[in-house]
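This briefing covers one structure by topic. Please keep the sequence and the 3D view at hand while reading.

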Amino acid sequence: MEAPLKYIFDSIQYLKPEVAVSIFLAILVTVDLVLGKKNKQVLPYIALAGLVITGYFVTQQFGTSAFASVQHNIGNFGLIAVDSFGNYFKLIIILSSIFIVLFSISSIEIKQVFDRHGEYYSLIFGMMLGMMLMVSSADLILIYLSIELVSLSSYVLAGFTKQSLRNSEASLKYIIYGGTASGIMLFGISILYGIMGTTNLYAINTILQNGAFQPLALIISCILIFTGFGFKISAAPFHFWTPDVYEGAPIAITAYLSIASKAAGFALLIRFIKVTFIQTIGEDGYWQLLGVIDWKSFLIMISILTMTLGNFSALWQDNLKRMLAYSSIAHAGYMLLGLAVFSDQGVMAILIYFLIYLFMNLGAFFVVMLIANKIGSEEIDEYDGIAYKTPLLAVSLAVFLISLTGLPPTAGFIAKLYLFIALVDAKMIAVAIIALLNTVVSLYYYIRVLKHMFLTKPKVEGERITIGIADTVVLLAMLIPIFLFGLYFTPIVNFAKNSIALLGF
Amino acid sequence: MLTEFGKIFVFILIAILFVVVALIAAKIIRPARPTHEKLLTYECGENPEGSPWVKFNIRFYVVALIFLIFDVEVVLLIPWALVYQDYGFTGFAVGAIFLLLLGLGMAYEWRKGDLEWDRPHPIPPVLKKSETDSNLKIPKEEIEVV
């Protein structure tokens with residue numbers, strides 16, 4: 001009689017970060033209720049404290065690899081796999097959440113809705129809980145549940161300032177696309193469950209190893225499930241929501257969607273493919289996948305489509321937020337190539353890429369937000385000659401954009417370098433060349449912003465844009481790593497190398 | 001040979017055919033003599049009033065959601081209440097956490113004013129004394145559709 005409860009209590013030691021996030025969510029709601037309409041300034045600091053404590057628990061967990069909430073009837077596999085790979089992504093999610101809370105403190109858009117700050121920070125925590133479950137879930141039911149938790153929170157956050165028309169538009173478009181994608185994914189999950197008779201990825205792998213399955217239904221179900229993942233990482237045929245939502249949502253939330261939600265989607269995709277379809281891992285770190293689905297060609301196709309489409313669409317954009325949205329689609333394409341290599345080296349490249357992408361993309365969005373706070377627009381024409389009004393912001397944006405392109409000596413170069421090394425090492429030269437050509441295309445639209453900022457004369461003389469000390473510190477916190485990791489990248493490479501291990505493989 | 005999914009496919013096929021055949025057969029057999037009254041929207045025998053696209057107050061949805069949450073809560077709590085004693089204090093604690101979170105949700109609704117119902121304020125008819133009895137007019141009561 002005691003048994004099921006005992007399993008739950010045994011797992012709590014592996015679920016400390018998730019428990020901490022849940023407790024702080026409740027604390028945020030309670031504090032918001034107690035404070036009433038005044039004194040909302042304290043909420044972001046409670047959120048920051050919660051994030052730091054959660055981060056501490058995650059770092060404590062590094063090195064453990066175990067199942068939480070184990071189901072003994074299906075061969076001791078569990079719902080949640082706690083391993084270094086998941087913890088690495090949890091750390092990325094927490095780091096980006098810290099930055100987002102700092103962004104929100106100085107964002108005009110968020111300040112305008114001061115009466116709903118309690119909901120804002122608790123929704124961020126809800127989304128974070130969903131993402132932390134997403135990166136470590138090893139069961140189709142939990143995968144679906146956590147994706148829904150992330151999606152529902154982000155639908156509300158995307159339309160958080162109700163007064164703004166484009167916010168509401170973004171939210172509505174997001175919820176329609178998201179609802180369709182998760183419906184299709186649920187259909188795929190139901191078919192997969194129908195074939196396999198279990199929802200656990202490890203158990204499905206055992207069945208696949210024994211070779212008793214129907215290939216056609218399996219392929220269909222996996223492609224349907226990929227729709228849900230593709231929606232989250234905005235891969236090519238499922239990317240249509242990205243520009244509209246990124247343009248409409250408050251900038252802090254746009255930045256959050258482009259990093260955290262995408263990181264969680266990637267972690268989930270890697271875990272799903274590796275755990276479900278792996279046969280053996282070779283001595284050299286290359287994965288031998290079961291020959292059920294040709295994931296390699298499928299992923300290469302998707303990623304080339306994604307980056308080409310993202311880069312070429314970004315060429316025409318006149319709104320900086322929209323351009324960054326397309327650029328984030330293109331970056332998703334590059335990172336998918338790292339998975340398509342199907343080796344530990346490729347996964348390591350993705351991990352390095354994400355950590356660096358976090359700093360450069362958040363930084364770019366932060367500068368756009370600070371400028372939009374003052375001039376109230378993200379149109380590229382409004383950036384004419386802005387370097388003379390605010391040299392610091394213009395130079396930082398230039399650095400972030402150059403890093404996004406992947407030029408040395410910035411960290412973006414290191415990210416791309418490891419990706420291309422992995423590609424060349426796997427003898428995927430043609431794909432590497434396509435990715436390289438794409439990078440050249442991306443150079444044009446990133447540099448175009450620099451031209452507007454530094455070389456074009458402003459149409460109207462505006463006043464100087466100054467930023468506060470707190471904002472400068474946050475900006476430097478993203479600017480310094482760009483140069484630091486660009487020149488001295490051994491620590492992150494070692495960190496990523498130690499974090500590639502998934503539970504069981 | 002039919003697989004498990006094949007059986008489901010046959011089932012779906014029969015279900016679709018059942019509907020299609022029934023509709024077509026009815027179309028062929030039944031007499032079709034439409035009159036104006038027959039084609040009207042059915043409102044319990046009354047003549048329909050206005051458009052059916054009435055806007056409902058959003059508060060109905062809030063109340064419906066709150067009802068749904070507490071309805072589901074009962075479904076979860078009854079099995080818990082039957083067995084929690086077997087699990088000792090931990091069993092009690094699990095239920096208590098669940099109830100605390102629900103209580104937090106309730107407190108949130110209360111504090112944010114979602115339980116306040118904005119009632120309509122009908123203006124009562126006023127009799128003006130100066131006017132004679134013959135042309136006494138009672139102003140039409142204003143009915144606010146909530």
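Two strands pair if DSSP finds at least two bridges between them. Strands (E, at least two residues) and helices (H or I, at least four) are DSSP runs, numbered from the N terminus. This is a predicted model, in which local features need pLDDT of at least 70 and side-chain atom pairs count only at pLDDT 80 or more, while totals for chains, interfaces and linings use all residues. Residues are numbered from 1 along each chain as its sequence is written, and chains are lettered from A and ligands numbered from 1 in the order in which they are written.

- Strand 1 and strand 2 of chain A run antiparallel and are joined by 5 bridges.
- Across this pair, Phe67(A) stands opposite Ala81(A) of strand 2.
- A residue is buried if 20 or more other C-beta atoms (placed from the backbone) lie within 10 Å of its own, exposed if 12 or fewer, and partly exposed in between.
- Strand 2 (residues 77-82) of chain A is largely enclosed by the rest of the structure, because 6 of its 6 residues are buried.

**Gln71(A)**

- Gln71(A) lies in strand 1 (residues 66-71) of chain A.
- Gln71(A) is partly exposed because 18 other C-beta atoms lie within 10 Å.
- Leaving aside residues up to four places away in sequence, Gln71(A) touches Phe77(A) and Gly78(A); contact requires C-beta atoms, placed from the backbone, within 7 Å.
- Between the C-alpha atoms of Gln71(A) and Pro237(A), 166 residues apart along the chain, the separation is 36 Å.

**Nonpolar core**

- A nonpolar core is a set of buried Ala, Val, Leu, Ile, Met, Phe, Trp, Tyr and Cys residues joined through C-beta atoms within 7 Å.
- The largest such core has 182 residues, of which Ala264(A), Ile352(A) and Ile356(A) touch the most other members.
- Helix 15 (residues 344-375) of chain A gives the largest share of this core, 23 residues.
- Not counting residues up to four places away in sequence, Ala264(A) touches residues including Phe89(A), Met131(A) and Val150(A).

**Helix 13**

- Helix 13 (residues 295-314) of chain A has 20 residues.
- Among the buried residues of helix 13 of chain A are Leu299(A), Ile304(A), Met307(A) and Ala314(A).
- Helix 14 (320-340) and helix 18 (429-454) of chain A are included in what covers the buried residues of helix 13.

**Contact between chains**

- In chain A, 9 residues are in contact with 10 residues of chain B.
- Helix 2 of chain A supplies the largest share of the side of chain A that touches chain B, 4 residues.

Terms used:
The expected span of a helix is 1.5 Å times one less than its number of residues. Two residues are in contact if their C-beta atoms, placed from the backbone, lie within 7 Å.
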